Amino acid sequence: MASKQYTKEEVAKHNKQGDLWIIIDSKIYDLSKFAVMHPGGLSVLTDEQVAGQDATDTFFSLHRYEVLLKPQYSRLQIGTVVGEEQQIFPRALGALSKVPYAEPTWLTEGYFSPYYKDHHRRFQAEFRKFVETVILPDAQAREEDGKRPSQSVFDEMAKLGLIAMRLGPGKHLQGRVLMNGLVKAEEFDYFYELIMAQEVARINARGYFDGSGGGTYIGLPPVMNFGKPAIRDKVMEEVFSGKKFICLAISEAFAGSDVAGLKCFAKRVKDGGRDGWVKWITNATFADYFTVGCRNDQGGMVVLLIERQEGVETKPIKTSYSTTAGTGFITFDDVFVPYQNTLGPDNGGLQVILSNFNHERWGMACGSVGAQRLVVEECLKWATQRQVFGKPLTSQAVIRSKLAAMIARVESAQNWVENVTYQMTNMNYKQQAALLAGQIAFVKKHCTETAQETAKDAVQIFGGRGITKTGMGRYIEHVSEPKNTNLLGDTE
């Protein structure tokens, strides 16, 4: 960090091409060599209101703060202004946001909640640090190049027990060291899982979000709940170790959400059998195991656990979101499946498949609300710093109306999700299935609809920046399509 100090008068002398300094929030940057390489062109920097001047307002009307933190730009700082101190500070890694409504009320100073205890708060603080230091950098890189999430991230998640924790409370957590001992298996409830979903959603990388465990979230529970002990334990440990991956394969071009209409066919031969194809399967391209729903020769449905082998082929499918999710088309060509890999009874496949829908839909609702909060935060920051007609954007009544609507939507969604989560925490599995299927379906519908409305309003607030993949509006562009508002995944 440069420690030399200059007066504003000294800075003002460096105001032309080849000798160009500017001030940003009390810090002085020498752009003499950089100016000709400036992505926005040289003329922006040689403008009389920028060159040799305090360009703080101009800079922040065009750039995000993190630009200044990048090594190639931070090294341009040569000193600070005499008598001035830094006024703008980025949020520290893992810290809570100070922007109103950027955090749920239980994380907001002065507010209370009947749901969360001190151990939830400690977990949230540590988990956010993990997300921002380990997951976020990889997510940004993989969203850009489309590759699957890095193995190193899965290794780190496995080390902390996070892969197992994402499957919710249960026997599978017993005996495990969770978050280096911070979390006790007996205390772990659905509010921990809610926290995880909302924190990971803040990375604003929908394809990566699914790629980093979406297949496990929906593909492993049938194995855990219906698999024979030897198969169940083997697969669980391999997946929880982060070394192998699993996906749920029930979507078809013919059936879609009509699970009972599946055409994939399994013929019973001596000790096993399987043939067919499935489509639009998250994590398919890199999965080692496939939890597959199909028709059987008895006229019913069966669910099989199929290991990647000869006759199993996966091809990537280009969708509207990142290929880092590993969405693929799977074909099974005369694949032999041992009978012991049957999940549940021979004709009980539909029950096996539907058994996880409540948890899947609830998880989508949790993540959707987390993503909406990030949008609200971005819009509030932008509307405050953006100047139009000589005033902040917030001076416009129509903008304030949109912001108020966005806040109302995310707060209502948060409260509904928390209420449902509380019911889940106090019900066993059978009670959840009997009493919460409707509630969870409704809350999922509400959250995805509010997400779309909020994304639409956010684009209006950001204007052209809201549909630009880089710069100030890049977070908004990412959620501006249904692909990234959790609309997909069964029905709205």
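This is a predicted model: local features need pLDDT of at least 70, side-chain atom pairs count only at pLDDT 80 or more; totals for chains, interfaces and linings use all residues.
**Exercise 1. Compare the geometry and location of the aromatic pairs Phe123–Phe127 and Phe245–Phe286.**

Step 1. The model has 17 aromatic pairs. In one of them, Phe123 and Phe127 are stacked, with 5.4 Å from centre to centre and 15° between the planes. An angle under 30 degrees counts as stacked.

Step 2. Both residues belong to helix H6 (residues 118-145) and are four residues apart, about one turn of the helix. Phe123 and Phe127 are both buried.

Step 3. Phe245 and Phe286 are edge-to-face, at 5.6 Å centre to centre with 90° between the planes. Phe245 is in the loop between helix H13 (229-240) and strand E6 (246-249), while Phe286 is in the loop between strand E8 (272-281) and strand E9 (289-296), so this pair ties together parts 41 residues apart in sequence. Phe245 and Phe286 are both buried.

Step 4. Elsewhere, ring pairs join Trp106, Tyr115, Tyr116, Phe191 and Tyr422 into a cluster.

**Exercise 2. Determine how the buried residues of H7 are arranged and what they pack against.**

Step 1. List the buried residues: in H7 (residues 151-159) they are Val153, Phe154, Met157 and Ala158.

Step 2. Look down the helix axis. The buried residues fall within an arc of 135°, so they line one face of H7. An α-helix has 3.6 residues a turn, so residues three or four places apart point the same way.

Step 3. Find the contacts. The buried residues of H7 pack against H6, helix H8 (162-165), helix H10 (206-211) and H13.

Step 4. Check what comes after the helix: Gly161 follows H7 and has a positive phi, near 80°.

**Exercise 3. Characterise the salt bridges Asp19–Lys16, Arg64–Glu378 and Asp210–Arg206.**

Step 1. The count of salt bridges is 27. Between Asp19 and Lys16, the closest N and O atoms are 3.9 Å apart, against a cut-off of 4 Å. Asp19 is partly exposed, at 24% relative accessible area, and Lys16 is partly exposed at 46%.

Step 2. For Arg64 and Glu378, the closest N and O atoms are 2.7 Å apart. Arg64 is in the loop between helix H3 (56-60) and helix H4 (66-69) and Glu378 in helix H15 (residues 357-385), and the pair links parts of the chain 314 residues apart. Arg64 and Glu378 are both buried.

Step 3. Asp210 and Arg206 meet at 2.7 Å, N to O. Both lie in helix H10, four residues apart, and both are buried.

Step 4. Salt bridges with shared partners join Arg64, Glu66, Glu378, Lys381 and Arg474 into one network.

Methods:
Residues are numbered from 1 along each chain as its sequence is written. Side-chain values use heavy atoms; hydrogens and water are left out. Rings of Phe, Tyr and Trp (its six-membered ring) pair if their centres lie within 6.5 Å; planes under 30 degrees apart count as stacked, over 60 as edge-to-face and the rest as tilted. Helices (H or I, at least four residues) and strands (E, at least two) are DSSP runs, numbered from the N terminus. Buried means under 20% relative accessible area, exposed over 50%, partly exposed in between (1.4 Å probe, protein chains only). The arc is that of the directions from the helix axis to the C-beta atoms. Contact means heavy atoms within 4.5 Å. A salt bridge is a side-chain nitrogen of Lys or Arg within 4 Å of a carboxyl oxygen of Asp or Glu.
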